[in-house]
Amino acid sequence: MKISRFIYIIDNNNVWDAVSRRKIALSEEEINYIRKNKNKDVIECSLQKLIDLNILTTKEWEEQYIKKMIDETTDKQFQSLYLITTTNCNLDCDYCFYRSNNSKSLQNHQNMTFDVAKKSLDIFFDIVKDNVKNDDYWQQITFYGGEPLLNKELLKYAIPYAFNKFKDSDTNIVINTNLTLLDNEIINLFKTYNVEVQVSLDGKKDVHNMHRKDINGFGSFDIVMNNIKKLLENNIKVLPMITANNDNVNNFSETLNYIINELNLYEYAVNILITDSYGVNQKYSETLAYEMLKSYICYNNKAVDYVFEDLYNKIISKDARLAKSSCGVTRKITVFPDKKVYACQALEKYGSNYMGTIDSDFANNKNWEIWRKRNRFNNDECLDCEALTLCGGGCATGSLNGTGSIYGIDRNQCEYTRALVKKILK
Ligand code: SF4
Ligand code: SF4
């Protein structure tokens, strides 16, 4: 037998079991026994409680558990379609991931045609129609860019087409936009077809305008705020997408509180900068974790980033489910205007990210297997981490940027998760 590799000593009276996600109180004698024998392979033990609690286990049990978890956390079906409606953008945000070496989108100025969007939607419909739909199943079509509102002609036809095609399937239709180009026709389109509008908004005017500028260097804050309010007046669902950066992270809870109060919106999504896509200070992830917690508690858990809330509930054992992979690469199909299909929009230059064109059998391309192997239960550093079953494993682009491999650790996400776990457990 051996001490389970998933057991961590918290202090002289408690251990953390990363498998069952329980903080277990033990006697000093038991803790000392664990401390002394933690890395030994075969040990005799008379402390029955450690056996009963699965703190003492076997190598075989650990291997079987890992195998089972790899199977449970490997995506087996597509659920999401990203349509890159255009590779043009009217802003020039400094931390856009399309600026990275792994992307080439900013070099191609292309708009998607309705024919390409229609064919992609038809294929996606056929792919997902027989999906297994558990209680927490979701399905989503995202109109993405560049800036999608630059290709309004496409949206006018593709959004109604998607709505009518998928209306019986609980599919969420989303647009991801900088919202600087709104007009009444677009407002009506969003309203009629129940489109959720995800808008980049980085907090107060000074911080937002520092990063989200047009090509002449003018900040977009006033126009974006004004347009969000117009959407809200029309009862259109808006989700602010707030990027945490060096300039807002130290008082990020204030940033969140400002957005919540100013817009009277209690749902938002926080973007953690992709590792090495843009400079962050050494304490970035840890500071962000504490600030998120501060705001969540301040609003009595009523103002939420759902990804944060999901992690929080898992840490406090309110949610016993195993965390799914946080990277969408094996759940989503991303189609560019030139008909090319990728796993992720951020990595066009990364060879195995390319799956063929919509005219080919892209869903069965063998490259998907390369991405399906990216799993925290396949990574030794994750297997020795107290957050193993509650962490989604981060972003593959962040892993690639930081370690040169999609199988490596995504540092920004990883440090954020570990800081939060440590803080809450203590
Ligand atoms: S690699 Fe994964 S998490 Fe990162 S941007 Fe792509 S889909 Fe999203
Ligand atoms: S990515 Fe980091 S926090 Fe998540 S399981 Fe791996 S080592 Fe732990």
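Domain bounds here come from an automatic or database domain assignment. For this protein, that assignment gives domain 1 (2-72 + 376-417) and domain 2 (78-330). The model is predicted, so local features need pLDDT of at least 70 and side-chain atom pairs count only at pLDDT 80 or more, while totals for chains, interfaces and linings use all residues. Residues are numbered from 1 along each chain as its sequence is written, chains are lettered from A and ligands numbered from 1 in the order in which they are written, and side-chain values use heavy atoms, with hydrogens and water left out.

The C-alpha centres of domain 1 and domain 2 are 33 Å apart. Between the two domains, 26 residues of domain 1 are in contact with 28 residues of domain 2, where contact means heavy atoms within 4.5 Å.

Ligand 1 has a shell of residues near it (one heavy atom of the residue within 4 Å). The shell consists of Cys 327, Gly 328, Val 329, Lys 332, Cys 344, Cys 395, Ala 396 and Thr 397. Domain 1 and domain 2 each supply at least three residues of this shell. Its classes are five nonpolar, two polar and one charged; Ala, Val, Leu, Ile, Met, Phe, Trp, Tyr, Cys and Pro count as nonpolar, Asp, Glu, Lys and Arg as charged, and the others, Gly among them, as polar.

Next come two helix pairs. Helices (H or I, at least four residues) are DSSP runs, numbered from the N terminus. Axes are lines fitted to C-alpha atoms over the stretch in contact, and angles run from 0 to 180 degrees between N-to-C directions.

Helix 5 (residues 152-166) packs on helix 6 (residues 184-192) at about 15 degrees, with the axes 10 Å apart. That angle makes helix 5 roughly parallel to helix 6, the term for angles under 35 degrees. The crossing is left-handed, meaning that the near helix is turned anticlockwise from the far one by less than a right angle, with clockwise giving right-handed. Helix 5 contributes Lys 152, Leu 155, Lys 156, Ile 159, Pro 160 and Phe 163 to the contact, and helix 6 contributes Glu 185, Ile 186, Leu 189, Phe 190 and Thr 192. These residues divide into seven nonpolar, one polar and three charged.

Helix 11 (residues 306-315) and helix 15 (residues 411-425) pack at about 45 degrees, their axes 10 Å apart. Helix 11 is therefore oblique to helix 15, oblique being whatever is left after roughly parallel, roughly antiparallel (over 145 degrees) and roughly perpendicular (65 to 115). Their crossing is right-handed. The contact involves Phe 308, Leu 311, Tyr 312 and Ile 315 of helix 11, with Tyr 416, Thr 417, Leu 420, Val 421, Ile 424 and Leu 425 of helix 15. It has nine nonpolar residues, one polar and no charged.
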